[in-house]
Amino acid sequence: MTEAKVIHTLADFQKMRMGGAYLHSRTGMNMPYLGKKFMDMVLFAHEKAMELGLKICLYDEDRWPSGYAGGLVTKNEAYRSRFLLFSPSELTQDELWEEPVNRASAQAAPGKKRRLIARYRVKLTDGWLSEYKRIKSEEKLQEEWKKDGWKIWYAYLEISGDSPWFNNQSYVDTLNPQAIREFIHITYETYEKVLGKEFGKSVPMIFTDEPQFTFKTQLGYAEEEKCQTIPYTDDFEETYKATYGEGFLDYLPEIFWDLPNNQISVHRYRYHDHVCQRFTESYADQIGRWCEEHGILLTGHMMREPFLECQTMALGEAMRSYRSFGIPGMDILCDRRELTTAKQVQSAVHQFNAPGMTSEIYGVTNWDFDFRGHKMAGDWQAALGVTCRAHHLTWTSMSGEAKRDYPASIGHQSPWYEEYSYIEDYFARLNTVLTRGKPCVKVAVIHPIESYWLYWGTREHTDEIRREREENFVNLVRWLLLGLIDFDFLSESLLEDFVQEDQEGFQAGAMKYDVVLIPDCMTLRRSTLERLREFRSREGKVIFAGRIPELVDGMPDVEVVEFAGRCSQIRYSRQAILEALEPYRSLDIRDSAGKRSANLLYQMREEGTERWLFVAHCEKPENPDLAEAEALHFTVPGNFELEKYDALTGSIKRHPAKYEKGKTHWKEVSYEHDSFLYRLFPCGEQVLAETTESGKGERAEKVQKVRIPCLVPVTVHEPNVLLLDRAEYAFDEESWNDEEDILRIDNKFREKSGMPLRTEAFAQPWVETDAESKEREKEKHILHLRFRVEAMQKIEEALLALEQPEHTKVQWNGKAVEINVSGWYVDEDIKTIKLGEVKSGLNILELEIVFNGKIPVENVYLLGDFGVNLRGRQTYITEPVRELAFGDLCGQGLPFYGGNISYHVDFELESSVEDIEIQISKFRAPVICVKMDGIDVGRIAFSPYCLRTGRLDKGQHHLELIVYGNRVNTFGPVHNCNQTEIWIGPDAWRTVGTSWSYEYQLKSTGILISPVITTWN
């Protein structure tokens, strides 16, 4: 990290029209975290950002998950993560119950510090917990217990072991308020000392990432004897007893096994609630309170938010923690569609009247994620409330493992970055609108998470019912949102603190709802029941869908059943639920056949007497290359005049509508990536006639199609590249080994030298002390690499791109190469040196790399004006690429090229035309920029992939199509055979078995079919 990189990166953000950036310490950080040099760089970044008019937001951890301060908190054993280990055998202090696995999460890490806290006799009948007894501490085990069918289980409080991911410490005890106070002291107060005066101004937010507790595990088969873990802390028994009047440990077996005859364990219910409350109060509440007191907004997201199972496992429930966020948020990785996650967060944003909603967006989408993906991912999330997109991510360096840190980099390493203002301007306009007014939501839904807790038992007995509850949860969200019934979730724990201030609606914080739906819940809180009764007494609408709860606070009670008799009761089905909620509909959209749209989401907001309506597509098109128009018919209750806002261009136009029976109707033609933004003005009952647009021109007529040649001249905007990622190798003075993948060679040498392997989880470089660093430097090894480069013809001049050339000796065709850095390739830390001539035939490149674990062993790249012929795993240098057919670049001399390319098309018009339409319906590129006769005329990125360029006169014309590239075939996991893999993290480059191939697995790039050019009058 250098000041120059900070300046460069911030300048890039300004070009891309970003509003600012989060400062996030990520893999490869070599400055001591939160130390003087680190904080000086933070101050420098803030100073330079202010000069550019950008805001700086903070991030509260070294990598993630938040809470351990890069290990500075958990160096103190009192603050380390701990858990309850439930074991079928007695364990000694030194005995590991599981082999440690390096993970980037708070899953229980086996340690060697534990103490016995309880023992149990457990008897199972057909896998059901028929009987159990806690063994008194002074009681001796009896041999006859085993003969009578009893099994002995042991409960330990265990302190987490070390993990490389946590910088050879552990995660923090998020149930311990003192541990989190220490985290606040080390992290938040350090930032406050240097930037506190700017909190709430040029430093508006701080991001906390994936806080969690130790993951809850569960038995598969009831009879299996396998250690289980659940979150627990030193004083858990005391706070549980203070809350419920009885101890937790007396009933511990009920957490893991299920009671016979479908009995529900209230102790299981209470445990899940109490551990969630401990977590929320310790982590989110304390940090949120500190942020509020110091004038900075807490944002970020929780761990594993989307489903009932993963929430129960890692959080208890997600929504409870949102109460303490200034701007609640989420993260959406791999371009998933997590409607459940978004709706949970949006509900809290509405109810707590938060000024916005954050999304950590675009993470783990790989280098080839294009502008279609960026717009669609942002669109559906905007429709569900997101107004602050936290782009994941921009690297300041691609050195070493950093280049595999969940690409792509949304910055200068991606050759399209200067065109990204097209996306940013769009969302700037859109979010300006979607932060105005207040949300229009009439429907509230009780969140079913607490009913799910009841069945957190053995998979053998509870898997089917939990699967059903999960499916019901996901289906309900999709039924309502894609059925165009917007709603908010009600968290029962949050509802306890909301007050009904007047007689209007069902109030939850800043929101008032017309109807409350209870979706197949098994238990309700007594406080929830009382609120529902009060609402119903005012003629409020309450609907029970599916089963009626027979439990209150996890215990049998008939009160809900009796109350449900005074409410609506319906089947748990899409049709029944939508029909019951039809009176509360604010928008309907149907196709030309009268069917309701099944792939649109919307957000409606009120601003005074006006309304704003945003509509966006949800799911990605199955085939992005087929541009299909869809006729849509919109209907909203009330009479409104319309203005249509085009957020891509900034244009605003009146839009025609008609009025029938107190409703406003209008039509649209929609393509796969379209979204719609309208402003609705009330116009009163007197408006009966259809509004019309004035000034419509005459109907256009096609004149001719311009013929495109099969081959066209091209210009590559940067040198072509031959990827050198396999080499013969030798360690020190040992003999040469056969050719192998570079990353595999690196780990082979690390293993041989006793150094940590490079995997998805390893300690940060900054952790190493000066003494350790000096000791490592004494153990210098040499790694020899030999690459064979076949050339079909001579190339006058070539460059070699490599990392840290100062630690490398280079020989090219037997001659030493002088290490004079001439520039860089893609990233400033991938330097270039001149190699000289590439001769026809076999060329040998040999590298000697100083190997001490700190110097990255990475692929190298041969650069120059040449082509590359790829056959399986074998490559050949060929003549330079001067022209291309419309088709995949990989087979036309550019298999590894990731830069931009200009296609040149010359054509002649026999007569002048009023307009030219260019359509390019099949391409693999982020965006295509179009120039006509040297003048920029627009971009092609979204369906229907057409661009009108305006009037052209008779004669010769030159069309330039600038196809922006991506780095997927240069820096992506090019040997990964798993074509369905979406988790493009560090391990995607290190696959094995059938997921690995030495033959290159490249992705198509370029314009794949000929453009269609049509003239119009």
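These legends describe close-up views of a predicted model.

**View 1. Helix α18 and its surroundings.** Helix α18 covers residues 742-753, a run of 12 residues. From its first C-alpha to its last, the helix reaches 16 Å. That is close to the 16 Å expected at 1.5 Å a residue. The buried residues of α18 are I742, L743, I745, D746, N747, F749, R750 and S753. An α-helix has 3.6 residues a turn, so residues three or four places apart point the same way.

View 2. Just after α18 comes G754, with a positive phi of about 75°.

**View 3. Helices α5 and α7 crossing.** Two packed helices are described by the angle between their axes and the distance between the axes. Helix α5 spans residues 236-244, and helix α7 spans residues 266-293. Their axes come within 11 Å and cross at roughly 115°. That makes α5 roughly perpendicular to α7. The crossing of α5 past α7 is right-handed. On the α5 side, F236, T239, Y240, T243 and Y244 take part in the contact. They meet H267, R270, Y271, D273, H274, V275 and R278 of α7.

**View 4. Helices α9 and α13 packed together.** Helix α9 (residues 339-351) packs with helix α13 (residues 459-482) at an angle of about 75°. The axes of α9 and α13 lie 9 Å apart. The two helices are therefore roughly perpendicular to each other. From α9, the contact uses L339, T340, K343 and Q344. From α13, it uses F473, V474, V477, R478 and L481.

**View 5. G891 in its loop.** G891 sits in the loop between β48 (883-885) and β49 (901-909). Its relative accessible area is 72%, so G891 is exposed. G891 and S1004 are 113 residues apart along the chain. Their C-alpha atoms are separated by 9.3 Å.

**View 6. G684 in its loop.** G684 lies in the loop between β32 (675-682) and β33 (702-706). With 31% relative accessibility, G684 counts as partly exposed. A647 is 37 residues from G684 along the chain. The C-alpha atoms of G684 and A647 are separated by 28 Å.

Conventions
Residues are numbered from 1 along each chain as its sequence is written. This is a predicted model: local features need pLDDT of at least 70, side-chain atom pairs count only at pLDDT 80 or more; totals for chains, interfaces and linings use all residues. Side-chain values use heavy atoms; hydrogens and water are left out. Helices (H or I, at least four residues) and strands (E, at least two) are DSSP runs, numbered from the N terminus. The expected span of a helix is 1.5 Å times one less than its number of residues. Buried means under 20% relative accessible area, exposed over 50%, partly exposed in between (1.4 Å probe, protein chains only). Axes are lines fitted to C-alpha atoms, for helices over the stretch in contact, and angles run from 0 to 180 degrees between N-to-C directions. Angles under 35 degrees count as roughly parallel, over 145 as roughly antiparallel, 65 to 115 as roughly perpendicular and the rest as oblique. A crossing is left-handed if the near helix is turned anticlockwise from the far one by less than a right angle, and right-handed if clockwise. Contact means heavy atoms within 4.5 Å.
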